[in-house]
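Me: Please take me through this model, and for each label that is used, set the value against its definition.

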Amino acid sequence: MDANIYREQIIDLYENPLNYGEIENPDFTYEEDNPLCGDVIRIDVRLDDQNRVAEVAWRGDGCAISQASASLLTEEIKVKTLDEVKAFPSEKLLELIGVPLSMARVKCALLSLKVLKAGAYGIPDPGTMRTHE
Amino acid sequence: MYDVERIRDDFPILKTEVYPGVPLVYLDSAASSQKPLTVIRAMDDYYEHYHANVHRGVHRLSELATTEYEAAREKIARFVNAPEIEQIIYVGNATEGFNLVAYAWGRANIGSGDEILLTELEHHANIVPWQILAEEKGATLRYLPILDDGTLAIERLGEFLTERTKLFSFTAASNVAGTITPVRELVDAAHSVGALAMVDAAQLAPHMPVDVQAMDCDFLAFSSHKMCGPTGIGILYGKRHLLETMPPFMSGGDMIRRVTFDGFVPNDLPWKFEAGTPRIAEAVGLGAAIDYLSSLGMDAVHEHERAVTDYAFEALSDIPGIRIIGPLGSQRGGLISFTLAGLHPHDIAEILDKKGIAIRAGHHCAMPLHQRLGLSATARASFYVHTTFEEIDQLTAALHHARSVFKLK
């Protein structure tokens, strides 16, 4: 049986993530981990004067699904308004990932969105990045 | 003669196909073991033929249920060589054993400025109850460090055990590094400064003979579900004078001798710590699990796992990019945690799952240990009475396959 959740694009994004890095003075930043498995993601966002996403960057550590999801999500929200970010549907992100996921892996897939929305809603950032090499 | 094929026939679940045409290769016994048919049947038999509440009825079924509930306790006492049956307390799992001691003994005996010593190997179950206690009492937690091979820095014990240390609580076998610790030596060291010693035997009792008298530990806890028994029950062993002077943990029915509107007199050991209608079917199931393991012989079980683990260690060592956590040889129990460069443990577990191979991925409820090792997660294959060399070959082949899925050279 094939491990078909690892389609080409997921592995490419895992190895060559998009928007990876950090922003110096973000309008919001947030980090959270998935305590079950240790995946961790931080997302920084800078908005322009019309409250649109001007710049977005993320960094983190975790499985291919969680990390590829962060690349796909940050790519998708560029120039979106803050309200659109707050309303971003989880189904849309799962669609972008485009592979069937078990219940446990859906949590990995949606971690980036959880982080993004927590930041967008102004929830205080709980901590500093646990660094891993 | 240890006949692994015959033993496999005792476990109905090993005939399961996890996907059509893909048989189960169960390498996650350290998380929870599978159950032999005798354990499943013993619990069914109780529910089908003699279920009733214990310790209160005068009718036949209650008498039968009570007899079997207490007979299981006797088997467990023999299994760990407890001096007296009353020293075996039924709890929910090893975690509850730690909570019981932290609550009942800890609140009465730990004060401001006292120290509790743990080790860097510990499972959250042997960390968090003490963190809560220390916070409440103004006590300090210290951690005996590990060396990079996952063994304890025993030679540094003198720095960490002081006259302020009231308790040294440590694992007998690590659920991540596999390290088997020198229990008696650690217990003696604790006693030499006047501290008590508590042993986490959750990963020891399923795999090796346990002798609480030889260990001389003051408390010891383990879980049924990791040793062929049902979930929902575990054991706390304690020295009699400690258990007798400790206040109750949970309170209510069955743990009292007499109650008035003004107060209560607690029951005798062991029931003082068993409030409410207990886990009767689970005790019966655990008794059957003890019978099963005893019929195999714990020395034989240990020897089988050693052979499988040595074989796996060698096979896995050849995989490019692998990092195996923990020590070699006689200091290792029947599990191997590892990382593969370029492949997250979750992805490894997912790819293996599609081949029917069940392993654990994550931090295995030992986040501080993973931080100490500089890892966010590991993959863990763990072995038990029914694990075969062929299954290890399947594991090795599947790991090579996982690397090819991720195009690793």
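**Labels and their grounds**

Reply: Helix 1 (residues 8-15) of chain A packs with helix 2 (residues 64-76) of chain A at an angle of about 85 degrees, their axes 8 Å apart. This is a predicted model, in which local features need pLDDT of at least 70 and side-chain atom pairs count only at pLDDT 80 or more, while totals for chains, interfaces and linings use all residues. Residues are numbered from 1 along each chain as its sequence is written, with chains lettered from A and ligands numbered from 1 in the order in which they are written.

Me: Why are helix 1 of chain A and helix 2 of chain A called roughly perpendicular?

Reply: The angle is about 85 degrees, and angles of 65 to 115 degrees count as roughly perpendicular (under 35 is roughly parallel, over 145 roughly antiparallel, and the rest oblique); the two helices of chain A are therefore roughly perpendicular to each other.

Me: Which residues make that contact, and how are they classed?

Reply: Helix 1 of chain A contributes A:Ile10, A:Ile11, A:Leu13 and A:Tyr14, and helix 2 of chain A contributes A:Ala64, A:Ile65, A:Gln67, A:Ala68, A:Ser71 and A:Leu72, where contact means that C-beta atoms, placed from the backbone, lie within 7 Å. By class there are eight nonpolar, two polar and no charged residues.

Me: What makes B:Cys228 buried?

Reply: B:Cys228 has 27 other C-beta atoms within 10 Å, and a residue is buried if 20 or more lie within that distance, exposed if 12 or fewer, and partly exposed in between; B:Cys228 is therefore buried. Its place is the loop between strand 9 (219-223) and strand 10 (234-238) of chain B, and its phi is near 75 degrees, a positive value in a residue other than glycine.

Me: How do you know whether B:Asn81 is buried, exposed or partly exposed?

Reply: B:Asn81 has 14 C-beta neighbours inside 10 Å and so counts as partly exposed. B:Asn81 sits in the loop between helix 3 (60-79) and strand 4 (88-91) of chain B, with phi near 60 degrees, which is positive in a residue other than glycine.

Me: What is the omega of the peptide bond from B:Leu269 to B:Pro270, and where does B:Pro270 lie?

Reply: Omega is near -5 degrees, and the bond from B:Leu269 to B:Pro270 is cis. B:Pro270 belongs to the loop between strand 12 (264-266) and helix 10 (280-296) of chain B.

Notes: Axes are lines fitted to C-alpha atoms, for helices over the stretch in contact, and angles run from 0 to 180 degrees between N-to-C directions. Helices (H or I, at least four residues) and strands (E, at least two) are DSSP runs, numbered from the N terminus. Two residues are in contact if their C-beta atoms, placed from the backbone, lie within 7 Å. Ala, Val, Leu, Ile, Met, Phe, Trp, Tyr, Cys and Pro count as nonpolar, Asp, Glu, Lys and Arg as charged, and the others, Gly among them, as polar.
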